[in-house]
Structure formats: C-alpha cells, structure tokens
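Could you walk me through this structure, from its pocket to its ring contacts? I would like to follow along with the model open.

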Amino acid sequence: MTQSFTDHSPIIIAHRGASGYRPEHTLASYELAIDLGADYIEPDLVITKDGILIARHENEISETTDIANHPEFAHLKTTKIIDGEIKTGWFTEDLTIAEIKTLTAQERIPQIRPQNIAYHGIFTIPTFVEIIDLVKHKSQAIGRHIGIYPETKHPSYFKAIGLSLESTLLWNLQRINLPVFIQSFEVSNLKELSQKTDLPLVQLINDIGKPYDFIINHDPRTYIDLLSQQGLKEIAEYAQAIGVHKNLLIPRDIHGKLLLPTSLIIDAHIANLQVHAWTFRNEDCFLPLDCQGNPQKEYEIFFNLGIDGVFSDYPDMALKIKPYE
C-alpha cells in the first residue's frame, strides 16, 4: 500500500516545483524543491496525442514552451473551447510525446519572475514517469520519503476526446511506494478515482465559479456550496482533503487587506478532511496588503489557523516559517 500521509503536518507542497526559482513543471524545478526540503512536489498533468502524461499548467502550451519558435508545428496552431473558455495556440493532445520532447520550457510569468528567463531553452517538458523516477531516486539518495501531489487538468475535456487521464495516472502510480495525493477541481473524476484506488484524494475548491463537470451536468451548485457542512460531509465520502483558495480561509477586503478568518478549517476538520491552501508566493503582487514586503508574515498567519498543508512557489520560505511539533 502506498504511504498516504506524512507524519509532520503541516506539509509543504512545492507548487509546480520550486517555481519561484526555476520555470515551473520542469525536472529542475522539482529537484530544487526537493533539495530545499519540500514534503511533496506538485505536477499538473495533461496528456499527449499518444496518451503520455506530461507536466504542464495547461494543455495550451504557448505560454510555457517555445513552440511558437518551431515552424514545423505552425500548422497545428488552432482555436479550441476548453472548459468553456476560448483558447488559441498549441495543444498537447495534438502532439506526440516525441514532438513534445523537441520543445523547451519557458517562464510563464516573465514580467514577475525575470530571473527565470535565464533558463529558457534549457529544460525539456517532463513526462509523469520521469517525475516519478526523479522522486524515487531523490528519496533513496537523501533517505527521505518525498511525496507526489498530481493534479488532473481538464479531466472531463480529455475524457470527451478519448484521452482519459485517470487510468494512465493510476497505472503510473503503481510503480511507486511513496506518499501521494491526487487532486482535481472537478468532482466526478475524483468520485470515479475513489472507486478505483485507496490513494488519498483532494477536492480543489476555488473562491469563485463552479466545477466544470457541474456545468456540463447541469448541477446548480458552486464551489462555495461545497463548503457547507453538508457539502463537506459529501466530499468526505470520496476525498481525504480539500485544497482551497486562501481567500476561503481568510477573505480580503476591496483593498486586499485581510479580514477575519472563516470557520472553514474547523468545519473541514469536523468532517474529517485535511485542509491544504494555495498558493503562497513571495511577490507583492500576490500578497495581501498586510504582508507586502513580508511574505513570512502571511505564512505565520495561515499556519496559526491550524492548516494541514500549504502550496508554495518558494518551499524554502514555507519551511523556514513552518511550526515544528
């Protein structure tokens, strides 16, 4: 049985790796996160034309790769509707893994993280198998169980085009004996996974909108509806944790100043659900008004709430502030 939970809560989840220091979703980003002490690394998973899981923030890859500089793929540029949004660019499901491997990763937010531009043209796009192999190797090398926290991206969309993520994901995870959480913003694929695996599942919850599978299934509920006592009780029937937008734990006013905490952590714990919050970043443009220039303060405020885990782009900062029991 795969080890489910680390013993030292709160856990530090390296969001797309150490993405404050390296372009996100690269082996270099994940390896640095491990070296900095992260408990888990977090790959977002999409799929190729030939059914290989790879790590990208989205299946549209013009923002995170150099594909626009590859004239041999110019004919594949297209417009699609993904989860109700019109997207123009290049899509992983139109490329084979061999074609994906000719690309290199780019910094997704270069205006905010210009330091990562230096790594353009260096790192290839990793497969999920390569990520697993890295984690196995690093765990053995440093004598510490590092976890993997994959997110299934756009599961209903991929299922509809005959490229289901879940079966390949579970097949890949059979190869390891390390801590794992599987996360999704949708509900139906987590319920499906709960029937097929004992691995812990995480219901992701945004502070706006609703799960895309609710839209296509004409379910009137929103993400906020899932946070009622009844909603949390229902989540606990198929998942072991919720991964929530920070604003659902401590809302902000119109100026970005933190307000009083909600009861969500208490309510979730009553429902026997862990609470992992996203995303903690150092840059002022992401920080609440109260914490400008002082990202440490934001961690301290949220850790004091009794949170079970944090997603961080700077796992070394999270570990520096993390309370040790």
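Here is a short tour of this predicted model.

Let's begin with the largest pocket, whose volume is about 1200 Å³. Its lining counts 41 residues, and those closest to the centre are His57, Glu58, Lys153, Phe185 and Asn206. Several elements each supply at least two lining residues: strand 6, strand 8 (151–152), strand 9 (182–184), helix 7 (212–216) and strand 12 (274–280). Sorted by class, the lining has 17 charged residues, alongside twelve polar and twelve nonpolar ones.

Strand 6 (residues 85–89) pairs with strand 5 (residues 78–82) in the antiparallel sense, over five bridges. If you look for Thr78, you will find it opposite Gly89 of strand 6. Two residues lie between the strands of this hairpin, and Asp83 has a positive phi near 50 degrees there.

That brings us to backbone geometry. Most residues other than glycine have a negative phi, and most peptide bonds are trans. His218 has a positive phi near 60 degrees; this residue is in the loop between helix 7 and helix 8 (229–235), and its relative accessible area of 71% makes it exposed. Asn272, another non-glycine residue, has a positive phi of about 70 degrees. Asn272 belongs to the loop between helix 9 (264–270) and strand 12 and is exposed as well, at 66% relative accessibility. Strand 12 itself contains Thr279, and the peptide bond from Trp278 to Thr279 is cis, with omega near -10 degrees.

Now for the rings: the structure holds twelve aromatic pairs. One of them joins Tyr40 and Phe181 in a tilted arrangement, with 5.3 Å from centre to centre and 50 degrees between the planes. Because Tyr40 lies in strand 2 (residues 40–42) and Phe181 in the loop between helix 5 (166–173) and strand 9, this pair ties together parts that are 141 residues apart in sequence. Both partners are buried, Tyr40 at 0% relative accessibility and Phe181 at 1%. Tyr119 and Phe123 form a stacked pair, because their planes are at 20 degrees, under the 30-degree cut-off, with ring centres 5.8 Å apart. Here Tyr119 is partly exposed at 22%, whereas Phe123 is buried at 17%. Tyr40 and Phe181 also belong to one aromatic cluster with Tyr149 and Phe311.

Finally, have a look at two charges over rings. The charged end of Lys246 sits over the ring of Phe280, 4.8 Å from its centre. Arg281 places its charged end over the ring of Phe286, 4.6 Å from the ring centre.

Note on methods:
Residues are numbered from 1 along each chain as its sequence is written. This is a predicted model: local features need pLDDT of at least 70, side-chain atom pairs count only at pLDDT 80 or more; totals for chains, interfaces and linings use all residues. Side-chain values use heavy atoms; hydrogens and water are left out. Two strands pair if DSSP finds at least two bridges between them. Helices (H or I, at least four residues) and strands (E, at least two) are DSSP runs, numbered from the N terminus. On a 1 Å grid over the protein atoms alone, a cavity is a set of points where a 1.4 Å probe fits but cannot get out, and a pocket is an open set with protein on both sides within 12 Å along at least five of seven lines; lining residues have an atom within 4 Å of a point. Grid points are joined across faces, edges and corners, and a volume is the space filled by probe spheres set on the points. Ala, Val, Leu, Ile, Met, Phe, Trp, Tyr, Cys and Pro count as nonpolar, Asp, Glu, Lys and Arg as charged, and the others, Gly among them, as polar. Buried means under 20% relative accessible area, exposed over 50%, partly exposed in between (1.4 Å probe, protein chains only). Rings of Phe, Tyr and Trp (its six-membered ring) pair if their centres lie within 6.5 Å; planes under 30 degrees apart count as stacked, over 60 as edge-to-face and the rest as tilted. A charge sits over a ring if NZ of Lys or CZ of Arg is within 6 Å of the ring centre and within 35 degrees of the ring normal.
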